[in-house]
Amino acid sequence: MQKRMMITGAGSGLGREIALRWAREGWQLALADVNESGLAETLQLVRAAGGDGFTLRCDVRDYSQLTAVAQACEERFGGLDVLVNNAGVSAGGFFGDLSLEDWDWQLAINLMGVIKGCKAFLPLLLQSKGRIINIASMAALMQGPAMSNYNVAKAGVVALSESLLPELKPQGVSVHVVCPSFFQTNLLDSFRGPTPAMKQQVGKLLEQSPISATDIADYIYQEVAKGEFMILPHEQGRMAWQIKRQNPQAIYDEMTLMCEKMRSKLGAA
Ligand SMILES: NC(=O)c1ccc[n+]([C@@H]2O[C@H](COP(=O)([O-])OP(=O)(O)OC[C@H]3O[C@@H](n4cnc5c(N)ncnc54)[C@H](O)[C@@H]3O)[C@@H](O)[C@H]2O)c1
């Protein structure tokens with residue numbers, strides 16, 4: 001039987017590339033996003049790559065929309081083998097400038113969206129003894145400057161994944177969490193923050209990545225096949241994470257310097 005995957009945020013960026021990587025192996029894809037034109041393009045590309053599937057508009061903030069996608073997977077695919085919680089938005093700003101609404105918005109999509117995804121699809125994954133792949137970020141591990149709401153949401157995704165790993169393993173469900181550093185996608189379009197200059201800073205960071213969303217999707221494919229739990233696609237990210245585990249203070253000092261630099265740059269802007 002053909003294997004089946006459902007991806008949130010599949011209308012753009014990494015979600016689309018994950019769809020294409022698995023499509024090349026002949027998988028059936030359920031593609032969900034709030035961006036319906038992006039979804040239609042992804043489905044076309046999926047078909048051209050050798051896969052097939054269907055699209056559904058789904059806002060990950062709304063649990064009933066996620067359970068509707070789960071139901072569609074059951075009706076159209078007869079179940080699901082892999083869930084990818086990928087949908088996400090970008091944010092930035094110093095803590096003192098972020099409003100509580102900025103926090104609510106960020107946590108509702110980047111953290112609660114993943115929690116709701118896991119909950120909505122768990123019954124199908126228990127049936128198939130499937131997998132969960134959660135897309136977090138290096139921000140979960142390194143807490144970059146002036147993005148506390150994003151850092152907290154992504155650290156929550158890592159903590160959720162670490163909690164589900166031992167809970168679901170005896171029931172036959174595997175869990176993986178992916179922590180990429182910055183890479184070029186349309187992520188900046190969703191940016192929300194109190195200062196426009198911060199958006200420009202994030203834009204520069206996205207442009208600097210030595211690897212693309214296509215490379216990252218391929219790396220995820222390889223590491224999932226090896227059964228790796230924590231997947232860090234950027235080499236620099238893997239090195240930084242090693243340093244943080246050996247000497248966390250070195251990273252805190254580095255982040256303090258980066259914060260000071262950012263403050264003076266933004267102050268001058
Ligand atoms: N690009 C990076 O530098 C980077 C780095 C680390 C982690 N990530 C993570 O990778 C994931 C994919 O992001 P991307 O870089 O491909 O960005 P992207 O903006 O190209 O794609 C994100 C997709 O999520 C969708 N989305 C946003 N809010 C949604 C909602 N409420 N419900 C459903 N769909 C929604 C968007 O419409 C978009 O199609 C995100 O979780 C992001 O945080 C990205």
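Pockets were located on a 1 Å grid over the protein atoms alone, a pocket being an open set of points with protein on both sides within 12 Å along at least five of seven lines, and its lining residues being those that have an atom within 4 Å of a point. Grid points are joined across faces, edges and corners, and a volume is the space filled by probe spheres set on the points. The structure is a predicted model, in which local features need pLDDT of at least 70 and side-chain atom pairs count only at pLDDT 80 or more, whereas totals for chains, interfaces and linings use all residues. Residues are numbered from 1 along each chain as its sequence is written, and side-chain values use heavy atoms, with hydrogens and water left out.

The second largest pocket has a volume of about 200 Å³. Its lining includes Lys 3, Trp 22, Trp 27, Asp 81, Lys 129 and Tyr 221, and helix α8 (residues 213-226) gives the most to this lining, with 3 residues. The lining residues divide into 6 nonpolar, 2 polar and 4 charged, where Ala, Val, Leu, Ile, Met, Phe, Trp, Tyr, Cys and Pro count as nonpolar, Asp, Glu, Lys and Arg as charged, and the others, Gly among them, as polar. Helices (H or I, at least four residues) and strands (E, at least two) are DSSP runs, numbered from the N terminus.

Asp 81 has its place in the loop between α3 (63-77) and β4 (82-85) and, at 9% relative accessibility, counts as buried (under 20% relative accessible area, with exposed over 50% and partly exposed in between, for a 1.4 Å probe and protein chains only). A polar atom of the Asp 81 side chain lies 2.8 Å from the backbone nitrogen of Arg 4, a polar contact being a pair of N or O atoms within 3.5 Å, of which, within protein, one must be able to donate a hydrogen and the other to accept it, while residues adjacent in sequence count only if both atoms are side-chain atoms. Lys 129, found in the loop between α4 (100-128) and β5 (131-135), is exposed, with a relative accessible area of 57%, and has a positive phi of about 55° although it is not a glycine. A positive phi of about 55° is also found at Ala 146, again not a glycine; this residue, in the loop between α5 (139-142) and α6, is buried, with a relative accessible area of 10%.

Around the ligand there are 30 residues, of which Ser 12, Asp 33, Asn 86, Tyr 150 and Thr 185 come nearest; a residue is near a molecule if one of its heavy atoms lies within 4 Å of it. Oxygen atoms of the ligand lie 2.8 Å from a backbone N or O atom of Asn 86, from a polar side-chain atom of Tyr 150 and from a polar backbone atom of Phe 183. The protein covers 95% of the 820 Å² of accessible area that the ligand has on its own, areas being taken from the Shrake-Rupley method with a 1.4 Å probe. The elements that give two or more residues to the shell are α1 (13-23) and α6 (148-168), and the shell residues divide into 15 nonpolar, 11 polar and 4 charged.

The backbone nitrogen of Asn 86 is reached at 2.9 Å by the side chain of Thr 8, a residue of strand β1 (residues 4-8) that is buried, with a relative accessible area of 2%.

Terms used:
On a 1 Å grid over the protein atoms alone, a cavity is a set of points where a 1.4 Å probe fits but cannot get out, and a pocket is an open set with protein on both sides within 12 Å along at least five of seven lines; lining residues have an atom within 4 Å of a point.
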